[in-house]
Amino acid sequence: MLCVDPQFRKNPAVPDAVVVEAPAKLNLYLRILGKRADGFHELESVMTTIGLYDTLRFTANDSGSLELECHDAGRPVGGAGSPPESPPNGPTNLIWRAAQLLRDATGCAAGAKIELWKRIPIAAGLAGGSSDAAATLFGLNRLWKLNASSQLLHDLASQLGSDIPFFLCGATTALCQGRGEIITPLSLPAGLSVVVARPATGLSTAEVFRHCRPEPGTGGGQQLAAALSTGRLQAAAGHMHNTLQEAAFRLNADVLQLRDAFSQLPFVGHLMSGSGTSYFGLCHNRNEAARLAGRLRALGVGAVFVAQTRP
Ligand code: C5P
């Protein structure tokens, strides 16, 4: 779920800008059920957003063209091995593609300047690019006063990528099925504390999917959500699962090293997010998360930060 940033909007230098905060996500559960005829994989996933954001600012321009400016807004605190973080500035960026698709679908001829302040690491399984694309559909719909329906935005989001519709669903946590675009909002207690670590290297989503071994069987995501919604963290941890993890371990030794580091520490549960390479641990509370993050930093396994799931 995206949010419009009122602080930023009041900036007198750009009074008519629309500013959107685009959150990162974690997969608390991700089971790949099988390969489909269209080349994608059928999956069941529980996605939740965390308090790590990219910021996008959309400003009208009179030229009718699109302009995209990407800034590195710094990474979440700490640790060695920060990854290179430069998304493309031009038409290959998902943000640009989202803007163009929205214009094509609505016949809109308006232009926009889009500025991105990037904090979410890329190629990290945190869906930063997908969240930015969703923010673009949402933000430009407002800026250009298009009144595009939620259904149209959802359809455009699905065309752009499997993870993108989740960010438009209006909930902070959801069960995602199909190739990721069939969304059922879930209600979880806010403010679960997690420690996230991202090694120096990333992984290509398509490559990880190519190497995964599907595991038929549904229902695990709902069981995890039911345990979390009643505050049974330990039971929830028993259901945390990611089919893509084994493939990522084979493709990238840094992820395996992270798994080993997290295994040495008393997390309630731990898992790779999405197709990696980020790895996260679930904690009882913020203090425990801060303490365990410190121990991970001392091991030098990557950039480590503490986050909370969003209300
Ligand atoms: O949908 P998106 O473009 O984000 O997916 C990136 C790649 O991940 C796809 O090209 C595909 O190889 C793989 N993928 C998949 N099944 C899914 C989602 C993604 O095979 N449900």
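**Setting up.** I'm working with a predicted model, where local features need pLDDT of at least 70, side-chain atom pairs count only at pLDDT 80 or more, and totals for chains, interfaces and linings use all residues. Residues are numbered from 1 along each chain as its sequence is written, and side-chain values use heavy atoms, with hydrogens and water left out.

**Who surrounds the ligand?** I looked up the shell around the ligand and found G39, F40, H41, L43, G161, S162, R179, T205, A206 and F209. I sorted the shell into 4 nonpolar, 5 polar and 1 charged. In this sorting Ala, Val, Leu, Ile, Met, Phe, Trp, Tyr, Cys and Pro are nonpolar, Asp, Glu, Lys and Arg are charged, and the others, Gly among them, are polar.

**Polar contacts.** I checked for N or O pairs within 3.5 Å. The side chain of S162 has an N or O atom 2.6 Å from a ligand oxygen, and for the side chain of H41 the distance to a ligand oxygen is 2.8 Å. R179 uses a backbone N or O atom instead, 3.0 Å from a ligand nitrogen. On its own the ligand exposes 450 Å², and the protein buries 72% of that (Shrake-Rupley method, 1.4 Å probe).

**Which elements and domains?** I noted that β3 (41-61) and α5 (205-211) each give two or more residues to the shell, with α5 giving the largest share, 3 residues. Helices (H or I, at least four residues) and strands (E, at least two) are DSSP runs, numbered from the N terminus. The ligand lies between domain 1 (3-185) and domain 2 (193-308), because both give residues to its shell; the bounds come from an automatic or database assignment.

Most residues other than glycine have a negative phi, and most peptide bonds are trans. I found that A123, in the loop between β5 (111-118) and α3 (128-143), has a positive phi of about 55°. The peptide bond from G276 to T277 is cis, with omega near 15°, and T277 is in the loop between β10 (269-272) and β11 (279-283).

Definitions and conventions: Near = heavy atom within 4 Å. Polar contact = N/O pair within 3.5 Å; in protein donor to acceptor, adjacent residues only side chain to side chain.
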